[in-house]
Amino acid sequence: MQFDAQFLADLGLQAMPEEQKQKFLDYVQKETEIRIGERISSGLSEVQLNEFDMINNQDEAIKWLERNRPDYREIVNDTIEGIKAEIRANRDKLIPTQEGVGNGN
């Protein structure tokens, strides 16, 4: 998943002020990683968590997840879709309205 200008556009947030875009994208990426990590780890034993923590290579991590948490791709997709739904539901709070602009107020 790429958290970039296209991600914002897909969610209807292209009008977000430029100075807020990168901060928002960084926040969404971090929150997504946290939520995915929590959901994946909730089904693992302490031994498995320690094993996973020892992996330093992304390819090895994916292979490990395929063996130990075969539903991890579903968890990732569900989490991302959930976050997108939350963002869409709150889109109006994320983009300033244009009320008062150009009408003499």
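Predicted model: local features only at pLDDT ≥ 70, side-chain atom pairs only at ≥ 80, totals over all residues.
**Stop 1: helix α4**

Select residues 58-68, which make up helix α4.

Now show the side chains of Ala61, Trp64 and Leu65, which are buried in α4. Turn the view to look down the helix: these residues cover an arc of only 100° around the axis, which puts them on the same side of α4.

**Stop 2: Ala61**

Centre on Ala61. Its relative accessibility is 16%, so Ala61 counts as buried, the limit being under 20%. Setting aside residues up to four places away in sequence, Ala61 touches Phe52 and Ile55. For a sense of distance, draw a line from Ala61 to Gly12: the two are 49 residues apart in sequence and 33 Å apart in space, C-alpha to C-alpha.

**Stop 3: Phe52 and Trp64**

Select Phe52 and Trp64 next. They form a tilted aromatic pair, with 5.1 Å from centre to centre and 50° between the planes. This pair links distant parts of the chain, since Phe52 sits in helix α3 and Trp64 in helix α4, twelve residues apart. Are the two partners buried or exposed? Trp64 is buried, with a relative accessible area of 3%, whereas Phe52 is partly exposed at 29%.

**Stop 4: Gln48**

Stay in α3, which runs over residues 46-53, and click on Gln48. With 19% relative accessibility, Gln48 counts as buried. Which residue's side chain makes a polar contact with the side chain of Gln48? It is Asn68, at 3.3 Å. Leaving out residues up to four places away in sequence, Gln48 touches Gly43, Trp64 and Asn68.

**Stop 5: the largest nonpolar core**

Now select the twelve residues of the largest nonpolar core: Phe3, Phe7, Leu8, Leu11, Leu13, Met16, Phe24, Leu25, Val28, Ile83, Ile87 and Ile95. Colour α1 (5-10), α2 (18-41) and α5 (72-89), the elements that each give two or more residues to this core. The largest share, three residues, comes from α2.

Click on Met16 within this core. Apart from neighbours within four places in sequence, Met16 is in contact with Lys21, Phe24, Leu94 and Ile95. There is also a second, separate core of seven residues, which includes Ile36, Trp64, Tyr72 and Ile75.

**Stop 6: Phe3 and Phe7**

To finish, zoom in on two members of the largest core, Phe3 and Phe7. The structure holds two aromatic pairs. In the pair of Phe3 and Phe7, the ring centres are 5.1 Å apart and the planes stand at 65°, so this pair is edge-to-face. Both Phe3 and Phe7 are buried.

How values were computed. Residues numbered from 1 in each chain as written. Heavy atoms only, no water. Helix = DSSP H or I, 4+ residues; strand = E, 2+ residues; numbered from the N terminus. Buried < 20%, exposed > 50% of the residue type's maximum accessible area, 1.4 Å probe, protein only. Polar contact = N/O pair within 3.5 Å; in protein donor to acceptor, adjacent residues only side chain to side chain. Contact = heavy atoms within 4.5 Å. Core = buried A, V, L, I, M, F, W, Y, C linked by side-chain atoms within 4.5 Å. Phe/Tyr/Trp six-rings, centres within 6.5 Å; stacked < 30°, edge-to-face > 60°. Arc of directions from axis to C-beta.
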